[in-house]
Amino acid sequence: METKFTEQQSLGLISEMITQARNNLQKNSGTSMIFNGYLVAFTALANVALNFILSNPRQSFWIWLLMIPGAFIDRMIDKKIDKEAIVKTHIDRIIAATWRGFGNSIVLFLIIIFGYGYSMQNYRIFILITPIIMMMAGLGEYITAKACRFKPFLYGAFVMWAGALGCLGTYIFLHRWSEITHFLILAICMILAFVVPGYKLNKSAKQDV
Amino acid sequence: MFEELDPLLHSQLRLAVMSLLIGVEEADFVFLKERTNATAGNLSVQLEKLKEAGYINVEKTFQGKMPRTVCKITPKGIEAFENYVKSIQTYFNAKNLS
């Protein structure tokens, strides 16, 4: 059955359908953020605990190798969501590219900072790792918030940026314990800036699709 | 004198499908059916017409044991859609002048 209609009605229909497609959120699109939020928060807290348990506290940093299998699991989650998605928007592609770029930047940043640190025998610069990664994560969340017009990510971006500044505060005021407090700040920020908005996004996507 | 509207697009369901597809990378049959409130049979017929005209690509796959139909607008479809919108604009401009 075909329904012919007026030019005015056709303009109205185009506008309505474009809005519907634009406002669509992929079902479970927050799951990856929830997973990464919990993974990083758990690893940061485990690092703090191991720092007190192990006879050589420096060994506690090896816990961060958990990020490697974590990245593979995250990729699998993304692939599953992508496969099940009934619609893929241009915004989904931009957001996915932003976070892939974030992942690549972190790997590159770690190579650079460890390269400089070990070649100059200046291990103090490693103190910059947590705040700089938080700053980059804040940027990723900011772009995501603007692209999908989802306010909780915007708050998340400010939480990450505030956390990065908080790291500087702990270095000034709690000099000896600054590395450990960095991880505590990171764990809190990951829950507030990734896990909470992730759950909110999934809730919105469930209502939307 | 204004351009004649593309008869293939000047139909409610086909235009709705094209308007949805212009805003996304690709969309599943289920998504199009939900958003247009069309029946599966009617939607299938209209998708076939758009496919025959080269306006969309229709890919049929399986997700597990379930069949899946994914639609994507083609460059020819984008051009046709843009021309359609331009024709409507011309129509309204002419109407406002008269």
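**Entry 1: the interface of chains A and B**

I began with the contact between the chains, taking contact as heavy atoms within 4.5 Å, and found that 28 residues of chain A are in contact with 31 residues of chain B. I noted at once that this is a predicted model, in which local features need pLDDT of at least 70 and side-chain atom pairs count only at pLDDT 80 or more, while totals for chains, interfaces and linings use all residues. Residues are numbered from 1 along each chain as its sequence is written, chains are lettered from A and ligands numbered from 1 in the order in which they are written, and side-chain values use heavy atoms, with hydrogens and water left out.

I then looked up the buried area, which is the accessible area (1.4 Å probe) that two parts lose on being put together, summed over both. Between chain A and chain B this comes to about 2800 Å², with 58% given by carbon and sulfur atoms. On the chain A side, Glu7(A), Met17(A) and Ile86(A) lose the most area to chain B, and together they make up 22% of what that side buries.

**Entry 2: polar links and the elements behind them**

For salt bridges I used the rule of a side-chain nitrogen of Lys or Arg within 4 Å of a carboxyl oxygen of Asp or Glu, and it finds two across the interface of chain A and chain B. I wrote down the salt bridge of Arg93(A) with Glu25(B), where the closest N and O atoms are 2.4 Å apart.

At least two residues each come from helix H1 (7-22), helix H3 (67-84), strand E1 (87-89) and helix H4 (90-119) of chain A, and H1(A) gives the most, with 10 residues. By class, this side of chain A has 12 nonpolar, eight polar and eight charged residues, where Ala, Val, Leu, Ile, Met, Phe, Trp, Tyr, Cys and Pro count as nonpolar, Asp, Glu, Lys and Arg as charged, and the others, Gly among them, as polar.

I also checked strand pairing between the chains, which requires that DSSP finds at least two bridges between two strands. E1(A) is joined by three bridges to strand E1 (residues 24-28) of chain B, and the two run antiparallel; within this pairing, Val87(A) has Ala27(B) as its bridge partner.

**Entry 3: chain B**

I counted four helices and three strands in chain B, in the order α-β-α-α-β-β-α from the N terminus on. Strand E2 (residues 56-63) and strand E3 (residues 66-73) of chain B pair in the antiparallel sense over eight bridges, with Lys60(B) opposite Thr69(B). The hairpin of E2(B) and E3(B) has two residues between the strands, and there I found Gly64(B) with a positive phi near 70°.
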